[in-house]
Amino acid sequence: MTDLRLEELSATTIVAVNALTLKPGQEQFVAPVSYSVAAAVTDPSTTWQRVVLRDNKVVGFIQGSFDDDSPSEEFRSVLWRINVDADAQGEGVGTFAVDALTEEARKRGFDHVSVIYEPGDLGPDVFFRQVGFEPVGETAYGEVLARRSI
């Protein structure tokens with residue numbers, strides 16, 4: 001397999017990130033990346049956004065947040081979104097990105113990373129379980145709250 005690497009989201013990579021494709025049926029689980037970029041403007045000091053490149057081509061995007069001051073435990077160290085291009089799914093890109101986010105959380109002194117996602121047949125549940133997230137609850141809206149220990 002070709003080497004994967006991370007790079008901070010930038011003006012150079014944002015167009016490619018927004019052009020990542022999804023497999024049919026995944027659209028209901030993923031908002032456009034531009035929504036995440038816009039949300040990060042509210043507090044860029046806590047936002048961690050990276051693109052995953054393979055052979056200098058953007059094949060994924062991950063966004064996390066690290067905020068010791070968050071009043072909600074699940075939002076102190078959280079994976080907000082992950083997108084892997086449809087053609088790169090199943091090739092280790094998502095695992096690589098989640099491992100990098102988890103390592104960043106560890107460096108910042110956290111002992112876990114949380115994720116909140118909608119359940120569904122084509123949703124991300126299987127992926128999150130495969131990379132070590134374990135469901136720990138449910139939100140008031142029926143979303144799954146899961147954690148990956150570090």
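Student: Why is Arg-54 called buried?
Tutor: Its relative accessible area is 16%, and buried means under 20%, exposed over 50%, and partly exposed in between, using a 1.4 Å probe and protein chains only. Arg-54 therefore counts as buried. Keep in mind that this is a predicted model, where local features need pLDDT of at least 70, side-chain atom pairs count only at pLDDT 80 or more, and totals for chains, interfaces and linings use all residues. Residues are numbered from 1 along each chain as its sequence is written, and side-chain values use heavy atoms, leaving out hydrogens and water.

Student: And what makes Arg-54 and Glu-91 a salt bridge?
Tutor: The rule asks for a side-chain nitrogen of Lys or Arg within 4 Å of a carboxyl oxygen of Asp or Glu. Here the N to O distance is 2.6 Å, so the pair qualifies.

Student: What is the accessibility label of Glu-91?
Tutor: Glu-91 has a relative accessible area of 32%, so this residue is partly exposed.

Student: How do you know that Arg-148 and Asp-99 form a salt bridge?
Tutor: Their side chains meet at 2.8 Å, N to O.

Student: How many salt bridges does the rule give?
Tutor: The count comes to 7. Among them is the pair Glu-7 and Arg-5, at 3.0 Å, N to O.
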